[in-house]
Amino acid sequence: MNPPKILCQSFTPSILRHSASLLLLPAFLLGTTALLPLEAAKAEAVVTNEIVIAPNLESFTLDNGLQVVVIPDRRAPVVTHMIWYKVGSADEPEGQSGVAHFLEHLMFKGTSNYPDGAFSRMIAARGGQENAFTSTDYTAYFQRVAKEHLPLMMKLEADRMENLTLTDEVVAPERNVVLEERRSRVDNDPGSRLREALNAITFVNHPYGSPVIGWQSEIEALNKDSAIAFYDRFYTPNNAVVVIAGDVDVGTVRQLAAETYGTVARRAEPGPRIRPTEPPLSGERRIAVSDPRVRQETISQTWVVPSQSTGIEQTPEALDVLAYILGEGPSSRLHKSLVLDQEAAIGAGAYYQGRALDNGRFGLYAAPRPGYTLEDMERLIGIELQKVLDAGVSEEEVERAQNSMIASAIYAQDSQSGLARLFGGALTTGQTIEGVQTWPSQVKAVTPEDVVSAARSYLTGLPVIGELRMDIPTDPAASLTETSELKDRS
């Protein structure tokens, strides 16, 4: 995916939002941004009743531990077949950052039964689409094909779960491909460099601080042995979830799953996913990336907050509603104040990244108009946040956010692949099927008091600040600079 530059992306409710930070495939999906007034009015009529996402979904588990989720959708004779492994960059051995993404590339090289890229050729010959993506918490592979080809997709994917073959002649060139991907999409992109640096100072002890694509020096050290060791440890049926959405019935899928995935041996026990915790740090953390290629300066403020998996009671949903009120769409507080009323910013908003196995992030951002500075943006953002902390939010704001967020969830069910990604991402980050299905009701239960409580609990400490600057150095030899500082304000 070509990741959006930090501060300039639009965000949807976190239950429908992809939080992958890798630079690989099309963005995860689902949802829309804030609804237009007419759409919101129509949506309000349907969110008054209890909404269940994918009510016809069924799930079962094979004897080898593989979970299978089936979401029938008979509007077209097409199926989306996905396999999600419960492993991502945050599960990598120390010193091997990037191995999860590297293995994802190598999975397309071939198996003993289907060597030399036969997998991809067979899908293309049948008019199908395929790809894969890696995140901090999961790795996923998918195909979208006419429904009569589903048995073959399941057979091929089950085969490469246990029969991957790698040689040094295959691995070395692919490592160079990943290094070039890093150079082109990270090193040569100021926004990507800022996001990478910002992650590193936000999570100084937790592995979320390492880039999904990996650090260059550690990518260079990856080899066949490290890839196979990672594969043997994590690519086992008891560490995977298969999601099939489309023109299928559960009985047929159950039989196909037994005949394909059911024959794969449970060959490893990855164990619990226990990562180092992020300790509280005093002082301010701030990073600035300056580059002559920057055309629009931006600033962000980030807090580590509970995710959908780690939050208790209404906290995750309250943070989601708070993000909507502060910065989602033209009626949000930041947009109305900074962009419309004061005409100080060309864009401003907020987001809640709640899809994570461990803690997530809450962010505020703004991009100044000519005549205003990043310092102005930081001050104005702070004023709007303080208003919430001091005076709270209104019933009307909460209700408007709830209606639009739930309507987005309703409309998202029009996407077959979107639903498959939604449940796959949830089940690999510690959530449950029931939790996803009842998310609209959970959002509807949020009160103004819940929103203010979440804000006061998690957004009163010093944020991590990232700045993207267009300063042009006087020394041409130093055209790319990064600075960071840790200030003790105690």
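The chain folds into 17 helices and twelve strands, where helices (H or I, at least four residues) and strands (E, at least two) are DSSP runs numbered from the N terminus. The model is predicted, so that local features need pLDDT of at least 70 and side-chain atom pairs count only at pLDDT 80 or more, while totals for chains, interfaces and linings use all residues. Residues are numbered from 1 along each chain as its sequence is written, and side-chain values use heavy atoms, with hydrogens and water left out.

Of the 490 residues in the chain, 58% are buried; this term denotes under 20% relative accessible area, with exposed meaning over 50% and partly exposed in between (1.4 Å probe, protein chains only). The chain exposes about 19800 Å², of which carbon and sulfur atoms supply 50%. Accessible areas come from the Shrake-Rupley method with a 1.4 Å probe, and for residues only the protein chains shown count as cover. Among the contacts in the chain with a separation of 6 or more, 83% join residues 24 or more positions apart, a contact being heavy atoms within 4.5 Å.

The largest nonpolar core comprises 67 residues, and I71, V321, L322, L338, F362, L364 and F423 have the most contacts inside it. Helix α10 (residues 315–327) provides the largest share of this core, eight residues. A nonpolar core is a set of buried Ala, Val, Leu, Ile, Met, Phe, Trp, Tyr and Cys residues joined through side-chain atoms within 4.5 Å. When neighbours within four places in sequence are left aside, V321 is in contact with V398, A401, M405, V443, V446 and V451. A second, separate core has 55 residues, including L62, V79, L166 and V186.

Empty space was also examined. Rolling a probe the size of a water molecule over the atoms shows where such space is left. Six cavities of 30 Å³ or more are found in a search of the whole structure. On a 1 Å grid over the protein atoms alone, a cavity is a set of points where a 1.4 Å probe fits but cannot get out, and lining residues have an atom within 4 Å of a point. Grid points are joined across faces, edges and corners, and a volume is the space filled by probe spheres set on the points. The second largest cavity holds about 90 Å³. Ten residues line this cavity, and T136, Y208, R355, A356 and R361 lie nearest its centre. The lining consists of two nonpolar, five polar and three charged residues, where Ala, Val, Leu, Ile, Met, Phe, Trp, Tyr, Cys and Pro count as nonpolar, Asp, Glu, Lys and Arg as charged, and the others, Gly among them, as polar.

Most residues other than glycine have a negative phi. A54, in the loop between α1 (37–46) and β1 (58–61), has a positive phi near 50°. E313, in the loop between β8 (298–305) and α10, likewise has a positive phi, near 50°. A54 is buried because its relative accessibility is 3%, whereas E313 is exposed, with a relative accessible area of 73%.

P292, in the loop between β7 (284–290) and β8, is partly exposed because its relative accessibility is 28%. P292 and D471 are 179 residues apart in sequence, with 6.4 Å between their C-alpha atoms. S226 belongs to helix α8 (residues 224–234) and is buried, at 10% relative accessible area. Apart from neighbours within four places in sequence, S226 is in contact with Q96 and V99. S226 and Q96 are 130 residues apart along the chain, and their C-alpha atoms are separated by 8.0 Å.

Terms used
On a 1 Å grid over the protein atoms alone, a cavity is a set of points where a 1.4 Å probe fits but cannot get out, and a pocket is an open set with protein on both sides within 12 Å along at least five of seven lines; lining residues have an atom within 4 Å of a point.
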